[in-house]
Amino acid sequence: MTKEELITEAVDILSKEVIKEIDILTLISRFRQEIRLHNPSTIMFLAGKQFGVSTGEMISKSQERPCVYARGFYTKYMRKFNKSYASLGQIFGGRGHATMMSCLRTVDNIINHESDFALKWVSFEEDVKKL
């Protein structure tokens with residue numbers, strides 16, 4: 001091998017190692033972000049905060065609108081990360097997957113038709129991003 005070929009090979013190897021290190025750092029950063037974004041208790045707290053209800057009230061069998069809407073916000077957000085309807089239903093006192101699907105449909109419809117509600121959703125998402 002010529003001197004130039006050795007230098008080229010060394011640069012290739014070093015650049016690959018740097019890329020690997022950058023990839024690992026990127027993965028670690030994304031993993032940390034995912035942990036923050038998927039912390040169910042934090043998300044539930046923020047959803048409840050939008051409607052003035054506690055996480056205990058959200059988990060209860062209450063059918064009062066603020067509780068229902070807070071559950072809907074939580075469900076809508078967690079579905080972005082492929083959380084199953086069945087697992088979400090278990091969090092909320094053993095509700096079925098169909099109940100959670102209905103909850104999400106209801107919240108989506110209200111967001112699409114009521115600007116005040118849509119603003120609450122935007123505010124909720126901004127609160128989550130601040131984590």
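**First stop: an exposed loop residue**

Select Asn-82, which counts as exposed because its relative accessibility is 68%, above the 50% cut-off. The structure on display is a predicted model. Asn-82 is found in the loop between α4 and α5. Its phi is positive, near 60°, in a residue other than glycine. Most residues other than glycine have a negative phi.

**Helix α4**

Next, select the helix α4, residues 65-79. Now colour the buried residues of α4: Cys-67, Tyr-69, Ala-70, Arg-71, Gly-72, Phe-73, Tyr-74, Thr-75, Tyr-77 and Met-78.

**Aromatic pairs**

How many aromatic pairs does the structure hold? There are 11 aromatic pairs. Select Phe-73 and Phe-124: the ring centres are 5.6 Å apart and the planes stand at 45°, so this pair is tilted. The pair links distant parts of the chain, with Phe-73 in helix α4 and Phe-124 in helix α7 (residues 115-129), 51 residues apart. Phe-73 counts as buried, at 0% relative accessibility, and Phe-124 is likewise buried, with a relative accessible area of 0%.

Then select Tyr-74 and Phe-92, an edge-to-face pair with 5.5 Å from centre to centre and 90° between the planes. This pair also links distant parts of the chain: Tyr-74 belongs to helix α4, Phe-92 to the loop between α5 (85-91) and α6, and 18 residues separate them. Tyr-74 counts as buried because its relative accessibility is 0%. Phe-92 counts as buried at 0% relative accessibility.

To see how rings join into a group, select Phe-51, Tyr-69, Phe-73, Tyr-77, Phe-81, Phe-117, Trp-121 and Phe-124, which ring pairs link into a cluster.

**Charges over rings**

For a second example, select Arg-79 and Tyr-85: Arg-79 lies over the face of Tyr-85, at 4.0 Å from the ring centre.

**Helix α2**

Move to helix α2, residues 40-51. Its 12 residues should span 16 Å at 1.5 Å a residue, and the end C-alpha atoms lie 17 Å apart, which agrees. Which residues of α2 are buried? They are Ile-43, Met-44, Leu-46, Ala-47, Gly-48, Gln-50 and Phe-51. Select Gly-52 as well: this residue follows α2 and has a positive phi, near 70°.

**Last stop: the largest pocket**

Finally, select Lys-61, Gln-63, Val-68, Tyr-69, Arg-71, Arg-95, Thr-99, Met-100, Ser-102, Cys-103 and Thr-106, the residues that line the largest pocket. The elements giving two or more residues to this lining are α4 (65-79) and α6 (97-113). The largest share, 5 residues, comes from α6. Colouring by residue class divides the lining into 4 nonpolar, 4 polar and 3 charged residues. About 150 Å³ of space lies in the largest pocket.

Key: Residues are numbered from 1 along each chain as its sequence is written. This is a predicted model: local features need pLDDT of at least 70, side-chain atom pairs count only at pLDDT 80 or more; totals for chains, interfaces and linings use all residues. Side-chain values use heavy atoms; hydrogens and water are left out. On a 1 Å grid over the protein atoms alone, a cavity is a set of points where a 1.4 Å probe fits but cannot get out, and a pocket is an open set with protein on both sides within 12 Å along at least five of seven lines; lining residues have an atom within 4 Å of a point. Grid points are joined across faces, edges and corners, and a volume is the space filled by probe spheres set on the points. Helices (H or I, at least four residues) and strands (E, at least two) are DSSP runs, numbered from the N terminus. Ala, Val, Leu, Ile, Met, Phe, Trp, Tyr, Cys and Pro count as nonpolar, Asp, Glu, Lys and Arg as charged, and the others, Gly among them, as polar. Rings of Phe, Tyr and Trp (its six-membered ring) pair if their centres lie within 6.5 Å; planes under 30 degrees apart count as stacked, over 60 as edge-to-face and the rest as tilted. Buried means under 20% relative accessible area, exposed over 50%, partly exposed in between (1.4 Å probe, protein chains only). A charge sits over a ring if NZ of Lys or CZ of Arg is within 6 Å of the ring centre and within 35 degrees of the ring normal. The expected span of a helix is 1.5 Å times one less than its number of residues.
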